[in-house]
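Trainee: I would like to learn how to read the features of a structure. Please take them one at a time.

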Amino acid sequence: MIKLNAFAISGLLIVTCYLPLFTFIFIKGKKWVAKIYSLHILSVLSWGIGAFLIGIVNDRTIILLLWKISYAAVLFIPVFFYHSVAIITNQKNRFYIFTIYAVTILFLYLDLTNHLFISLRYYANIYFMCGNQLYVYSFIFWGIVTSIAHLQLFFFYKKSFPKLKKQIVYLSI
């Protein structure tokens, strides 16, 4: 019998919301921006699946693997979001997009080679990963990329036509 805790329920809610959204956008989206944005949604969906599994599994070895895989998905959430925003707002800075992907791939390598997390900690019926200084840097990078994407979207929103403004609001949610 599966015992659901708050973490597993939050993962299940993410999966419930994002699986149909990913399927719809990936299948129906014809433009490049739709494909990139569907990768953003897939990253969030992967995190949701990982969170659900982390919340219900009790084996520390499996949980460690799930955290690594889930965090790999988390790393790409702001990357694909920023890339989508750059396409929508006609930002043609390929160097910046390349740099974001390169830094994310570096953090992915560090994650998969055990250089981001130092231990598991059990708290409130969940095993949490404890990160080192490199993890903190990845988190700061994540926050900066996400903030820049939202700021670009906000400034683009201010000078857009009403129909596009509505679409931008949906994208930013």
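Trainee: In which helix is L112 found?

Mentor: This is a predicted model, in which local features need pLDDT of at least 70 and side-chain atom pairs count only at pLDDT 80 or more, while totals for chains, interfaces and linings use all residues. Residues are numbered from 1 along each chain as its sequence is written, and side-chain values use heavy atoms, with hydrogens and water left out. L112 is found in helix α4. Helices (H or I, at least four residues) and strands (E, at least two) are DSSP runs, numbered from the N terminus.

Trainee: Is L112 buried or exposed, or partly exposed?

Mentor: The cut-offs use relative accessible area: buried is under 20%, exposed is over 50%, and partly exposed is in between (1.4 Å probe, protein chains only). L112 has a relative accessible area of 47%, so L112 is partly exposed. L112 and K68 are 44 residues apart in sequence, and their C-alpha atoms are 6.3 Å apart in space.

Trainee: How is the packing of two helices described?

Mentor: Two packed helices are described by the angle between their axes and the distance between the axes. Axes are lines fitted to C-alpha atoms, for helices over the stretch in contact, and angles run from 0 to 180 degrees between N-to-C directions. Helix α3 (residues 60-88) and helix α4 (residues 94-112) have axes 9 Å apart, at an angle of about 175 degrees. The pair α3 and α4 is therefore roughly antiparallel. The naming rule is this: under 35 degrees is roughly parallel, over 145 roughly antiparallel, 65 to 115 roughly perpendicular, and the rest oblique.

Trainee: Which residues of α3 and α4 meet?

Mentor: Contact means heavy atoms within 4.5 Å. On the α3 side the residues include K68, Y71, L75, F76 and H83, and on the α4 side they include Y96, I100, F107, D111 and L112. By class, the contact of α3 with α4 has 16 nonpolar, two polar and two charged residues. Here Ala, Val, Leu, Ile, Met, Phe, Trp, Tyr, Cys and Pro count as nonpolar, Asp, Glu, Lys and Arg as charged, and the others, Gly among them, as polar.

Trainee: At what angle do the axes of α2 and α3 cross?

Mentor: The axes of helix α2 (residues 32-56) and α3 cross at roughly 155 degrees and come within 8 Å. That angle is why α2 and α3 are roughly antiparallel to each other. The crossing of α2 past α3 is left-handed. A crossing is left-handed if the near helix is turned anticlockwise from the far one by less than a right angle, and right-handed if clockwise. In the contact of α2 with α3 there are 21 nonpolar, seven polar and no charged residues.

Trainee: How do the axes of α5 and α6 come together?

Mentor: Helix α5 (residues 133-158) and helix α6 (residues 162-172) have axes that come within 10 Å and cross at roughly 165 degrees. So α5 is roughly antiparallel to α6. α5 passes α6 in a left-handed crossing. Residues in the contact include H150, L153 and F156 of α5, with L164, I168 and V169 of α6. Its classes are seven nonpolar, two polar and two charged residues.

Trainee: Which residues is S138 in contact with, leaving aside its neighbours within four places in sequence?

Mentor: S138 is found in helix α5. Its relative accessible area is 1%, so S138 is buried. Leaving aside neighbours within four places in sequence, the contacts of S138 are Y71, L75, F107 and L116.

Trainee: In which sense do strands β1 and β2 pair?

Mentor: Two strands pair if DSSP finds at least two bridges between them. Strand β1 (residues 117-123) and strand β2 (residues 126-131) pair in the antiparallel sense over six bridges. G131 in β2 is the bridge partner of F117, and F128 in β2 stands opposite R121.

Trainee: Which residue in the hairpin of β1 and β2 takes a positive phi?

Mentor: Most residues other than glycine have a negative phi, and most peptide bonds are trans. In this hairpin, with two residues between the strands, A124 takes a positive phi near 55 degrees. N125 is not a glycine, yet has a positive phi of about 65 degrees. N125 lies in the loop between β1 and β2, and at 53% relative accessibility N125 counts as exposed.

Trainee: Where is the place of N90?

Mentor: N90 is in the loop between α3 and α4. N90 has a positive phi of about 60 degrees although it is not a glycine. With a relative accessible area of 51%, N90 is exposed.
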